[in-house]
2 protein chains.
Amino acid sequence: MAGQREPVIWLRPEQAPVGRPAERSRAEITAAAVELADREGLDAVSMRRLAAALGTGAASLYRYVATRDDLLDLMIDRTAGEYRLPVPSGDWQADLLEIAHQARQIMRRHPWLPVLVVTRPTLGPHGTDLLEHLLDVLADHPAEAAHKLEAFAVLNALTALFVQNELAAADPSAQRQSAFLSHVATAGTHPRISALLADPQLERNSRDRFATVLTRALTGVLG
Amino acid sequence: MAGQREPVIWLRPEQAPVGRPAERSRAEITAAAVELADREGLDAVSMRRLAAALGTGAASLYRYVATRDDLLDLMIDRTAGEYRLPVPSGDWQADLLEIAHQARQIMRRHPWLPVLVVTRPTLGPHGTDLLEHLLDVLADHPAEAAHKLEAFAVLNALTALFVQNELAAADPSAQRQSAFLSHVATAGTHPRISALLADPQLERNSRDRFATVLTRALTGVLG
DNA sequence: ATCGTACGCAAACACTGTTCGCGAACACCG
DNA sequence: CGGTGTTCGCGAACAGTGTTTGCGTACGAT
């Protein structure tokens with residue numbers, strides 16, 4: 001039994017205690033990566049392009065990060081640091097909604113975040129701070145501990161889903177996805193879909209829907 | 001206004017009416033891709049490896065598919081064809097749960113599916129069949145049409161989330177993710193997390209939780 | 001001043017998705 | 001039966017990708 005080979009990045013020391021000191025820091029590199037992703041999308045964050053943005057060589061990044069996935073983890077946790085966590089008010093529904101509201105804002109600020117959140121659920125230092133805060137909000141709630149964890153996951157996932165839809169609706173390149181739906185509607189098969197697309201009121205006051213859907217889903221999870 | 005350049009793959013003819021006939025079909029290629037992904041993971045589905053599995057050249061695949069993303073869409077819709085859709089029973093809760101149950105089985109059969117589902121929501125021919133079925137199940141439900149669409153999205157996303165957690169729990173390589181959580185717990189900060197990990201009953205009878213959480217979330221979405 | 005160590009990084013490796021160009025194969029048509 | 005028009009199969013090449021290796025360099029401590 002060899003055990004796990006390398007611990008997660010948060011448990012690895014950032015700088016060696018001896019030898020030539022590093023010229024940069026993980027935080028610095030993470031900030032540059034986030035900014036690059038914000039500006040040109042997640043695919044633009046390649047080791048070479050990121051290194052170029054930092055004015056260094058690609059191989060140098062591997063002194064700070066074992067792999068590109070580590071870099072993504074750092075980026076995720078950095079955004080988790082953007083939460084402003086107030087003291088619990090006593091109204092856990094309102095407090096959870098406040099968290100979700102901030103999550104939505106953060107994800108809208110970083111359009112690459114929703115995909116990463118649902119793809120690789122990562123808990124770094126800031127992520128654990130957030131989880132601690134959520135558990136604090138739910139301290140007096142009678143639900144089991146496991147259910148509170150589920151609520152955390154559901155809150156993140158549903159928020160990511162919502163923001164992804166919001167962003168896709170704004171991006172015209174993804175709108176041709178619905179071309180096939182209209183095609184199906186006019187084809188005559190699938191009468192329910194035809195009726196649905198004919199429905200004149202398909203607007204979305206997404207702000208309110210977000211709050212109500214999430215609240216109900218969370219109360220469901222928490223029993 | 002140039003409009004969208006290329007329509008979605010479902011609206012492009014599979015074979016040209018004239019010229020040399022193709023030696024393969026989209027279905028054949030899709031089947032090989034799914035089998036390869038089942039066996040060796042989604043990353044193994046590269047154009048070259050897939051072509052090799054089919055006994056052909058990589059460039060040949062581009063006669064059937066404009067891009068690799070098209071291939072992923074085909075794979076997604078192929079799994080949507082694995083549903084067995086019974087006639088609605090009149091109990092919409094039970095019928096939705098049946099759909100979710102099948103979704104979970106399908107995603108467990110194809111471990112690469114959850115990520116794809118939450119990453120690129122795609123509706124192909126089989127996907128629209130499934131949506132039509134869901135709308136049929138909810139035909140007598142008084143909710144707005146938009147809310148039924150939300151229910152569809154939430155059902156898919158939450159199922160994917162659950163299966164992803166199930167698979168991660170079974171895979172020992174992802175278990176070192178929680179090493180940091182234990183580290184935080186023993187560190188003394190974050191007392192709620194410490195208490196949570198000390199809680200002796202953190203098992204998950206995931207089957208039941210899946211049903212109850214999903215039911216409650218869906219009833220929440222549908223109002 | 002020397003030593004030990006970690007850092008910065010050019011170059012190389014093994015890939016990836018995608019495009020180009022061309023020969024071969026077929027269906028049709030006169 | 002012999003063109004002819006069109007598509008198909010695909011080797012080769014292009015522009016990237018993440019990552020490893022090796023080595024000169026810069027620093028802190030002795």
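# Predicted model: DNA surface, chain contact and core

Visitor: Which helix of chain B gives the most to the surface near DNA strand C?

Guide: Near means that a residue's C-beta atom, placed from the backbone, lies within 6 Å of the strand. Helices are DSSP runs of H or I with at least four residues, strands are E runs of at least two, and both are numbered from the N terminus. With three residues, the largest contribution from a helix to this surface is that of helix 2 (residues 47-54) of chain B.

Visitor: What are the conventions and confidence limits here?

Guide: Residues are numbered from 1 along each chain as its sequence is written, and chains are lettered from A and ligands numbered from 1 in the order in which they are written. This is a predicted model, in which totals for chains, interfaces and linings use all residues, side-chain atom pairs count only at pLDDT 80 or more, and local features need pLDDT of at least 70.

Visitor: How many residues surround DNA strand C, and how many of that surface are charged?

Guide: The surrounding residues number 25, and the closest include A:Gly19 and A:Glu23. Nonpolar covers Ala, Val, Leu, Ile, Met, Phe, Trp, Tyr, Cys and Pro, charged covers Asp, Glu, Lys and Arg, and the others, Gly among them, are polar. On that basis the surface has nine nonpolar, eight polar and, as charged residues, eight.

Visitor: Which residues of chain A does UniProt annotate as "DNA-binding region"?

Guide: UniProt positions are given in the numbering used here, feature names are shortened, and annotations may be inferred rather than shown by experiment. The span in question is 40% helix and 0% strand, with its end C-alpha atoms 13 Å apart. According to the unreviewed entry, it covers residues 46-65.

Visitor: Which helix supplies the largest share of the side of chain B that touches chain A?

Guide: Contact requires C-beta atoms, placed from the backbone, within 7 Å. Chain A and chain B each bring 40 residues to it. On the chain B side, six residues, the largest share, come from helix 7.

Visitor: How many residues does the largest nonpolar core have?

Guide: Such a core joins buried Ala, Val, Leu, Ile, Met, Phe, Trp, Tyr and Cys residues through C-beta atoms within 7 Å. Buried means 20 or more other C-beta atoms within 10 Å of the residue's own, exposed 12 or fewer, and partly exposed in between, with C-beta atoms placed from the backbone. B:Leu155 is among those with the most contacts inside the core, whose residue count is 114.

Key: Two residues are in contact if their C-beta atoms, placed from the backbone, lie within 7 Å.
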